[in-house]
Amino acid sequence: MKVALIKCPWWVRYCPPYILAYFSTYLKSLGHETFCFDLNNIFYH
């Protein structure tokens, strides 16, 4: 199954989205294909 993990914008940009990496690794270990999007970083640029 393909899964998109999305971090929506927040107030600040100083903390990387560690939870997306954690969920992505877990889902990949179960055989899923994951895509991570950090909208906070995309909208900042």
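**View 1. The chain runs β-α-β-α from the N terminus on.** In this predicted model, the secondary structure comes to 2 helices and 2 strands, where helices (H or I, at least four residues) and strands (E, at least two) are DSSP runs numbered from the N terminus. The C-alpha atoms fill a box of roughly 35 × 15 × 10 Å, taken along the principal axes. Residues are numbered from 1 along each chain as its sequence is written. Because the model is predicted, local features need pLDDT of at least 70 and side-chain atom pairs count only at pLDDT 80 or more, while totals for chains, interfaces and linings use all residues; side-chain values use heavy atoms, with hydrogens and water left out.

View 2. A disulfide is taken here as a pair of cysteine sulfur atoms within 2.5 Å. For cysteine 8, which is in no disulfide, the nearest cysteine sulfur is that of cysteine 36, 13 Å away. Cysteine 8 counts as exposed at 51% relative accessibility, whereas cysteine 36 is partly exposed, with a relative accessible area of 40% (buried means under 20% relative accessible area, exposed over 50%, partly exposed in between, with a 1.4 Å probe and protein chains only).

**View 3. Tyrosine 22 and phenylalanine 23 form a tilted aromatic pair.** The ring centres lie 5.8 Å apart, with 55 degrees between the planes; rings of Phe, Tyr and Trp (its six-membered ring) pair if their centres lie within 6.5 Å, and planes under 30 degrees apart count as stacked, over 60 as edge-to-face and the rest as tilted. A search of the whole structure finds 1 such pair. Tyrosine 22 is exposed, at 56% relative accessibility, and phenylalanine 23 is partly exposed, at 39%.
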